[in-house]
Amino acid sequence: MSSLLQVKNVTKRFGGVVANRNVSFTIDEKDITGLIGPNGAGKSTLFNMVSAVFPPSEGEIWFENHKIDSLPSHKIAPMGISRTFQNLQVFKKMTVIENVMVGLHTRTTSSLAAAAFRFPRSRKEEKFIYENAMEVVNFVGLEDILEVDAGNLPLGKLRLLELARALATKPKLLLLDEIAAGLNHQETLEMSDLILKIRDQGVSIFVVEHDMDLVMKICDKIIVLDQGEKIAEGTPKAVQNNQRVIEAYLGASDEEELTV
Ligand SMILES: Nc1ncnc2c1ncn2[C@@H]1O[C@H](COP(=O)(O)OP(=O)(O)OP(=O)(O)O)[C@@H](O)[C@H]1O
Ligand SMILES: [Mg+2]
């Protein structure tokens, strides 16, 4: 079976900073793959390249036999890749359902001008968008607060909203950048159940997460970055016992110790 995503010898430089150095790995269909490493290891940078926020300095990224590393970011969602952001990107003055619907506008073909004048084709699209948005809002359990402005929601609900928006485009590959950051124990458990449920629907998931309990529980495979380089890859158990990984985390802050 060919892999869903292939990252081949990817390097990213920001001026003198090498955020990723010669990183290679693959993601298989229906797997949950974890990406871990101390602060500044280059995890978000890698996500930004896979979601075409910016291109690699060197190397290639392939998704389902398409080379995607030089595509503009708006071409990525229609191909089947979507993501959440470490720093939430919700519109505070829009309601829950509006936030999810905005995410879906990228998927339809009508121009914004056509949508504003509500041409017949656009009304059909609006119905399609609304129904799709309702489906994912129900799925993540936000149906009771559809009309609440995002600005009035607590963090736990905002993370669910960010997840709903990413799911609305029906991705084949979903990237979650610290989706459980700041959540309490109960919310984290609910989030991990939700992630497993998404995978059971056939979606491949790539997660960056500092919560090691969560990572070890849900991931089929884990990739470890340290100072931009891949230092280990394997099952949660293998990675947890890997000497290089233990040393990388011992060099990091207490908060990030690899204890499970
Ligand atoms: N847009 C950018 N411009 C310049 N430098 C950047 C940019 N994005 C990331 N970097 C640098 O690249 C390195 C890796 O950062 P990155 O955000 O990818 O790490 P991370 O593993 O996601 O860290 P954290 O766990 O803190 O989120 C850091 O030195 C960071 O300062
Ligand atoms: Mg990050």
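1. Let's start with the ligand, bearing in mind that this is a predicted model. The shell around ligand 1 is made up of 4 nonpolar, 7 polar and 2 charged residues. In total, 13 residues surround ligand 1, and the closest of them are Asn-39, Gly-40, Lys-43, Ser-44 and Thr-45.

2. Which elements give two or more residues to that shell? They are strand E2 (17–27) and helix H1 (43–50). H1 provides the largest share, with 3 residues.

3. Gly-40 places a backbone N or O atom 2.8 Å from an oxygen atom of ligand 1. Ala-41 also uses a backbone N or O atom, at 3.1 Å from an oxygen atom of the ligand. Lys-43 works through its side chain instead: an N or O atom there is 2.8 Å from an oxygen atom of ligand 1. As for cover, ligand 1 on its own exposes 640 Å², and the protein buries 62% of that.

4. Next, have a look at Asp-226, which sits in strand E9 (residues 221–226). Setting aside neighbours within four places in sequence, what does Asp-226 touch? Its contacts are Pro-38, Ala-41, Ile-231 and Ala-248.

5. Moving on to a helix pair: helix H6 (residues 155–168) packs with helix H7 (residues 185–200). Two packed helices are described by the angle between their axes and the distance between those axes. For H6 and H7 the angle is about 10 degrees, and the axes are 11 Å apart. Angles under 35 degrees count as roughly parallel, so H6 and H7 are roughly parallel to each other.

6. Which residues make that contact between H6 and H7? From H6 come Gly-156, Arg-159, Leu-160, Leu-163 and Leu-167, while H7 supplies Glu-187, Met-191, Leu-194 and Ile-198. By type, the residues of this contact split into 6 nonpolar, 1 polar and 2 charged.

Technical notes. Residues numbered from 1 in each chain as written. Chains lettered and ligands numbered in written order. Predicted model: local features only at pLDDT ≥ 70, side-chain atom pairs only at ≥ 80, totals over all residues. Heavy atoms only, no water. Axes fitted to C-alpha atoms, helices over the stretch in contact; angles between N-to-C directions. Helix = DSSP H or I, 4+ residues; strand = E, 2+ residues; numbered from the N terminus. Parallel < 35°, antiparallel > 145°, perpendicular 65-115°, else oblique. Contact = heavy atoms within 4.5 Å. Nonpolar A, V, L, I, M, F, W, Y, C, P; charged D, E, K, R; others polar. Near = heavy atom within 4 Å. Polar contact = N/O pair within 3.5 Å; in protein donor to acceptor, adjacent residues only side chain to side chain. Areas by Shrake-Rupley, 256 points an atom, 1.4 Å probe, with all protein chains shown as cover.
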